[in-house]
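Okay, everyone, thanks for coming. Have a look at the protein on the screen, and I'll walk you through a few parts of it.

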Amino acid sequence: MGRRPSERLRLGAAGWKARSMRATGVEQVHLFSGGLVYTARNRTEALAWSEITTVWRTSIDVHTVTGRLARRERNLTLEKDAVAPISLTERFAGIESITRSVYRGVTPIQLDRARERLAAGQPVIFPLPIDGDLVVDGQAVTWGKTRIPIAEIRAVEIENGSLVIEGQRTLKVYASWIRNLPVLLSLLGVQPRDAPY
């Protein structure tokens with residue numbers, strides 16, 4: 001269920017001074033300094049940056065029957081507790097600009113929350129679709145049976161679509177599986193670039 005117009009106004013200190021990105025005649029994203037408003041045929045959602053719990057970028061390769069890469073589709077998915085996810089695809093004019101704005105708005109808030117969890121002795125969990133969750137507990141990063149102490153991490157890179165963490169062992173996982181990837185990178189001491197993942 002969407003929010004009342006008066007609630008939407010609180011998303012930006014500058015009121016309705018927003019950038020609007022249109023996908024089709026029925027789907028739009030309006031960006032504000034404090035969040036975004038998404039409208040579709042039957043749905044309007046106003047989301048403050050602080051309400052967005054999960055952000056992730058996926059990339060799907062579409063191949064021809066002969067195996068040649070026809071195109072790469074990139075999607076941005078946003079989640080808020082108890083609200084259906086919002087998926088924005090490349091059909092949006094300015095999807096890269098939307099993605100950068102969302103990451104700039106959401107990541108600092110999520111990173112503060114993650115650091116608070118670590119300071120309280122609680123792990124930060126990054127759910128993955130297979131082999132369990134990727135976990136950062138302040139001492140190490142763990143996925144399945146692979147545990148790499150943070151003090152021993154020599155390199156963290158995104159290489160050919162995978163996040164690679166190298167220490168005494170190597171942990172490699174598809175970057176598109178990792179929700180809130182910039183938060184994970186920051187917790188591992190990597191300064192995320194101001195670019196979509």
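Let's start with a pair of strands: E13, residues 162-166, is joined to E14 by five bridges, and the two run antiparallel. Within that pair, Leu163 sits opposite Val173 of E14. When I say strand, I mean a DSSP run of E with at least two residues; a helix is a run of H or I with at least four, and both are numbered from the N terminus. Two strands pair if DSSP finds at least two bridges between them.

Before going on, a word on where this comes from. This is a predicted model, where local features need pLDDT of at least 70, side-chain atom pairs count only at pLDDT 80 or more, and totals for chains, interfaces and linings use all residues. Residues are numbered from 1 along each chain as its sequence is written, and side-chain values use heavy atoms, with hydrogens and water left out.

Back to our strands. They belong to an open sheet of three, in the order E12-E13-E14, with antiparallel pairing. Which strands stand at the edges? Those are E12 (155-159) and E14 (170-174); each has a single partner strand, so one side of each has no neighbour in the sheet. On average, neighbouring strands here are turned by 15 degrees against each other, direction ignored. For that angle, axes are lines fitted to C-alpha atoms.

Now the helix H2, residues 95-119. Does the span agree or disagree with what its 25 residues should give? At 1.5 Å a residue they should span 36 Å, and the end C-alpha atoms are 35 Å apart, which agrees. The expected span is 1.5 Å times one less than the number of residues. Still, H2 bends by about 30 degrees at Val106, and a proline, Pro108, follows within four residues. The bend is the angle between axes fitted to the seven residues ending at a residue and the seven starting there. Just after H2, Gly121 has a positive phi of about 80 degrees.

Buried means under 20% relative accessible area, exposed means over 50%, and partly exposed is in between, using a 1.4 Å probe and protein chains only. Leaving aside neighbours within four places in sequence, Gln110 is in contact with Ile52, Thr53, Thr54, Val55, Asn180 and Val183. Contact here means heavy atoms within 4.5 Å.

Asn180, from that list, lies in the loop between E14 and helix H3 (181-187). Asn180 is buried too, with a relative accessible area of 12%, and its phi is near 60 degrees, a positive value in a residue other than glycine. Asp131 also has a phi near 60 degrees. Asp131 is in the loop between E8 (124-126) and E9 (134-136), but this residue is exposed, at 56%.

Finally, the whole chain: three helices and 14 strands, with 41% of the 197 residues counted as buried. Among contacts between residues at least 6 apart in sequence, 42% join residues at least 24 apart.

Note on methods:
Axes fitted to C-alpha atoms, helices over the stretch in contact; angles between N-to-C directions.
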